Amino acid sequence: MRRLRILHISDLHERAEFDGMPGSRLKTLKWDARQRGQVLGDRFKDVLAEIAAKQIDLVCFTGDLADWGIDSEYKKASERLRIILDLVGVPRSRFFAVPGNHDVRRSVTR
């Protein structure tokens, strides 16, 4: 009997510039872009390829795709998730996400 194989990912915190962003944040974004290349670059893709060899059934993402919950971050997150799903051979219909506190646009109030 084959077991269900789940790839669990969380806390990608995709970041992007936006109107009204604190000035100190721009410096952080530039540093972050370099770091992401190291953490989520070729080695990350190699690890995903190794995982894919074990036939992943579904991918679960548990929170914090974005950092501030803005559209431009979700555009980047969508592209990264597309790459991940392609690399592990899992269709979008087998992707499940639970939003985290950073996935909510905190500047929006009732």
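Author: Asp86 and Arg82 are four residues apart in helix 3, so about one helical turn separates them. Helices (H or I, at least four residues) and strands (E, at least two) are DSSP runs, numbered from the N terminus. This is a predicted model, where local features need pLDDT of at least 70, side-chain atom pairs count only at pLDDT 80 or more, and totals for chains, interfaces and linings use all residues. Residues are numbered from 1 along each chain as its sequence is written, and side-chain values use heavy atoms, with hydrogens and water left out.

Reader: In what do the side chains of Asp86 and Arg82 meet?

Author: A salt bridge is a side-chain nitrogen of Lys or Arg within 4 Å of a carboxyl oxygen of Asp or Glu. Here the Asp86 and Arg82 side chains form one, at 2.8 Å, N to O. Arg82 also pairs with Glu79, at 2.5 Å, N to O.

Reader: Is Asp86 buried or exposed?

Author: Buried means under 20% relative accessible area, exposed over 50%, partly exposed in between (1.4 Å probe, protein chains only). Asp86 has 52%, so it is exposed. Arg82, at 33%, is partly exposed. Glu79, at 37%, is partly exposed too.

Reader: Which salt bridge links distant parts of the chain?

Author: Take Asp57 and Arg2, whose side chains meet at 3.0 Å, N to O. Asp57 is in the loop between helix 2 and strand 2, Arg2 in the segment before strand 1, 55 residues apart. Asp57 counts as buried, because its relative accessibility is 17%. The whole structure has six salt bridges.

Reader: Back to helix 3. Which of its residues are buried?

Author: Glu73, Ala77, Arg80, Leu81, Ile84, Leu85 and Val88.

Reader: How many residues has the largest nonpolar core?

Author: A nonpolar core is a set of buried Ala, Val, Leu, Ile, Met, Phe, Trp, Tyr and Cys residues joined through side-chain atoms within 4.5 Å. The largest one has 16 residues. Helix 3 gives the largest share, five residues. Val88 is among those with the most contacts inside the core. Contact means heavy atoms within 4.5 Å. Not counting residues up to four places away in sequence, Val88 touches Leu7, Leu48, Ala52, Ile56 and Val59.
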